[in-house]
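User: I've got a fold open on my screen and want to talk it through. Can you take my questions one by one?

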Amino acid sequence: VSAQNPVAVISNGISTSYLPYYPAFQSAVAYLFDVNGAKNNLSMLPAFLALVDSKTATIYAACNNVYSCTSNASSEGFTQAFEATFKEADGITPMKLRTGTNNFQSTITTRLNGFLN
């Protein structure tokens with residue numbers, strides 16, 4: 001996972017095949033929902049995906065529907081929805097995706113080392 005950080009892959013918009021990263025993606029998603037991980041609830045996924053669409057559309061419209069802002073709008077929309085939806089294991093603290101000292105991207109290796117062992 002440290003060499004295949006799934007959050008960094010998505011954040012950087014790498015356009016190559018995601019297949020080599022599948023084990024890291026699978027582990028990161030498992031961590032988000034497992035009772036031994038962050039303990040989020042799978043039933044929140046439909047609302048999360050709808051929020052991603054809504055946030056992305058709002059950001060895209062704000063930049064006057066310029067094609068060049070599409071990837072930025074998608075990334076920022078996903079980030080905003082992620083941080084509004086997912087919580088840390090305490091069930092209260094919002095999980096930060098890429099900002100702050102305990103963000104998911106920077107701590108994924110540590111989180112998964114504890115989770116997978």
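This is a predicted model: local features need pLDDT of at least 70, side-chain atom pairs count only at pLDDT 80 or more; totals for chains, interfaces and linings use all residues.

User: Which residues are buried in α4?

Analyst: α4 covers 70–85, and what covers its buried residues includes α2, α3 and α5. The buried residues of α4 are A73, G77, T79, A81, F82, E83 and T85.

User: How far apart are the end C-alpha atoms of α4?

Analyst: There are 16 residues in α4, and at 1.5 Å a residue they should span 22 Å. The model agrees with that, since the end C-alpha atoms are apart by 22 Å.

User: Which residues have the most contacts inside the largest nonpolar core?

Analyst: That core has 16 residues. The elements giving two or more residues to the core are α2, α3, α4 and α5. Those with the most contacts inside the core are Y31, L32, F48, F82, F86, M95 and F104.

User: Is M95 buried or exposed?

Analyst: M95 sits in the loop between α4 and α5. Among the residues M95 touches are Y31, L32, F82, F86, F104 and R111. Its relative accessibility is 0%, which is under the 20% cut-off, so M95 counts as buried.

User: How far apart in space are M95 and F82, C-alpha to C-alpha?

Analyst: F82 touches M95, as well as L32, F48, K96, L97 and F104. In sequence, M95 and F82 are 13 residues apart. In space, C-alpha to C-alpha, the two are apart by 7.7 Å.

User: Which residue forms a salt bridge with E83?

Analyst: The structure holds 2 salt bridges. In the one with E83, the closest N and O atoms are 3.9 Å apart, and the pair links distant parts of the chain, with E83 in helix α4 and its partner in the loop between α4 and α5.

User: Are E88 and R111 buried or exposed?

Analyst: Side chains of opposite charge can pair when their charged atoms come close. E88 and R111 form a salt bridge. As for accessibility, both E88 and R111 are buried.

User: The backbone nitrogen of which residue lies 3.0 Å from a polar atom of the side chain of N40?

Analyst: N40 lies in the loop between α2 and α3 and is buried, with a relative accessible area of 7%. N40 touches L32, F33, T85 and F86, among others. The backbone nitrogen at 3.0 Å from its side chain belongs to K87.

User: What is the phi of K39 near?

Analyst: K39 is found in the loop between α2 and α3. Most residues other than glycine have a negative phi. K39 is a residue other than glycine with a positive value, near 70 degrees.

Notes. Residues are numbered from 1 along each chain as its sequence is written. Side-chain values use heavy atoms; hydrogens and water are left out. Helices (H or I, at least four residues) and strands (E, at least two) are DSSP runs, numbered from the N terminus. Buried means under 20% relative accessible area, exposed over 50%, partly exposed in between (1.4 Å probe, protein chains only). A polar contact is a pair of N or O atoms within 3.5 Å; within protein, one must be able to donate a hydrogen and the other to accept it, and residues adjacent in sequence count only if both atoms are side-chain atoms. Contact means heavy atoms within 4.5 Å. A nonpolar core is a set of buried Ala, Val, Leu, Ile, Met, Phe, Trp, Tyr and Cys residues joined through side-chain atoms within 4.5 Å. The expected span of a helix is 1.5 Å times one less than its number of residues. A salt bridge is a side-chain nitrogen of Lys or Arg within 4 Å of a carboxyl oxygen of Asp or Glu. Lists of a residue's contacts leave out its neighbours within four places in sequence.
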